[in-house]
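Good morning, colleagues. Please keep the sequence and the structure in view while I speak.

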Amino acid sequence: MLAKTDKIKYLAFEHRLFQVLVSRGEDGGKIRRHLKHISPNRLERLRYLAGIAVKLTDDPCLAIDTGQLVSLASYGILGYSFMQSRSLEELYIQVKKNMWVLDPTEKNALKLSQPEGRYVISYENPPHWPEVPYFYIDLFFSALLHQSRELSRKNLDGAVLYLKRPAEHIPPTYSKKLGIEVIGNSETDLLILQKETVRETFPDTHLFHSPSFYSHCDVLLGGMKKESTLVEKVRHSLLGHSGRADLETIATEFGMSSRTMRRHLTTLGTSFRHIQKELLVHISKEYLANTPLSIADIAELIGYHDAPTYSRAFKQITGHTPAEFKKQKPAKE
């Protein structure tokens, strides 16, 4: 759940899991009192609650059942953005784009690919919690399948979920609960769907707003990424160095070690490298729009070793290549 547009306090997953526990007769007040003493990091809160839940219920399908309760509306403004998707493909692109909300780590490698008539969603580095090793990945895919059906109103025939765990660790009820085939011993956790199902345009959407609402969602979601005062201060300090200072230099300015700053930024769902990359791209936009410099010259000017590396970074942040941006923003006379 996105409690505010400027700060994400906890995930929809946490709220639904809490509801499941209470519905099964657990003491909600006691659980809430325990949660008050847990780290404000939303994944750590979910991890703690998952550990309690599995211990109390001893239910291997608890994460699957909880995921089936996480509707699109549960995500607040993020959910409204999802609802604007005109196909499952657009939904999955939105999920990938905003994975920092669900998994605010640097290794949340959600990948989308389309090999040979299939559509593949692979999750290579999900959060691993030794005390409940499969909980997060089960919760994530269960919720994603539920939301896919909610939005498309389809059964997702032919879909298959491949899991890294040994087949004997997959309860026989998994396939029935998820409504698709589940196979173990995979190299990566991934969901495979039929490409035509994923790319089919919906006859309508949940909300009938203009495209401006969709853009408004993107603005709000982008604003959440700038929620932290520390992130803003790091960005400001980097700007004073034209974006080219290293982590140790900036950390020293804040009176902390580079390790401590790295830890704080990771807790906030970002990294020094990502903040620096965003800033350098922002700086380069000014050169692209207002100078006759070549892309190679701009890349060198802001500290990239070569133009292709700079172009990839620029596209990752903006969705466009520098060349495309330059055509949209002609240089001033």
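Let me begin with confidence, since what we have here is a predicted model. The mean pLDDT of the chain is 81, and 82% of the residues reach at least 70. Where does confidence stand lowest and highest in the chain? The lowest value belongs to helix H11, residues 211–224, with a mean of 51, whereas strand E3, residues 160–162, has the highest, at 97. The stretch of residues 1–8 has a pLDDT below 50, and in the model this stretch makes 25 contacts beyond near neighbours in sequence.

Now to the overall make-up. The chain holds 333 residues, of which 46% count as buried. Its secondary structure consists of 18 helices and five strands. If we take the contacts with a separation of 6 or more, 66% of them join residues 24 or more positions apart.

I turn to the sheet. In what order do the five strands lie? The order is E1-E2-E5-E3-E4, in an open sheet with mixed pairing. The edges are taken by E1, residues 110–113, and E4, residues 181–183; each has a single partner strand, so one side of each has no neighbour in the sheet. From one strand to the next, the twist averages 15 degrees. Strand E2, residues 118–123, pairs with strand E5, residues 189–194, through six bridges in the antiparallel sense. Within that pairing, Val120 has Ile192 of E5 as its bridge partner. Helix H6, residues 88–97, packs on the sheet and touches E1, E2 and E5, and its direction is at about 150 degrees to that of E1.

Next come the two helix contacts. Helix H3, residues 42–57, and helix H8, residues 135–152, have axes that come within 11 Å and cross at roughly 100 degrees. An angle of 65 to 115 degrees counts as roughly perpendicular, and H3 and H8 are therefore roughly perpendicular to each other. On the H3 side the residues are Leu43, Leu46, Ala50 and Val54, and they meet Phe135, Tyr136 and Leu139 of H8. By class, this contact of H3 with H8 comprises seven nonpolar residues, with no polar and no charged ones.

The second contact joins helix H15, residues 272–290, to helix H17, residues 307–318; their axes come within 10 Å and cross at roughly 100 degrees. H15 contributes residues including His274, Lys277, Glu278 and Val281, while H17 contributes, among others, Tyr310, Phe314 and Ile317. What is the class composition of the contact of H15 with H17? There are six nonpolar, four polar and three charged residues.

Finally, the two threonines. Thr197 lies in helix H10, residues 195–199. Is Thr197 buried or exposed? Its relative accessibility is 17%, and the cut-off for buried is under 20%, so Thr197 counts as buried. Leaving aside residues up to four places away in sequence, Thr197 touches Leu88, Lys154 and Leu156. Leu88 falls within the residue range of helix H6, 88–97.

Thr266 belongs to helix H14, residues 258–267. With a relative accessible area of 30%, Thr266 is partly exposed. From C-alpha to C-alpha, Thr266 and Asn41 are 9.7 Å apart in space, although 225 residues separate them in sequence.

Thank you for your attention.

Key. Residues numbered from 1 in each chain as written. Predicted model: local features only at pLDDT ≥ 70, side-chain atom pairs only at ≥ 80, totals over all residues. Heavy atoms only, no water. Pairing = 2+ DSSP bridges. Helix = DSSP H or I, 4+ residues; strand = E, 2+ residues; numbered from the N terminus. Axes fitted to C-alpha atoms, helices over the stretch in contact; angles between N-to-C directions. Contact = heavy atoms within 4.5 Å. Nonpolar A, V, L, I, M, F, W, Y, C, P; charged D, E, K, R; others polar. pLDDT = per-residue confidence, 0-100. Buried < 20%, exposed > 50% of the residue type's maximum accessible area, 1.4 Å probe, protein only. Parallel < 35°, antiparallel > 145°, perpendicular 65-115°, else oblique.
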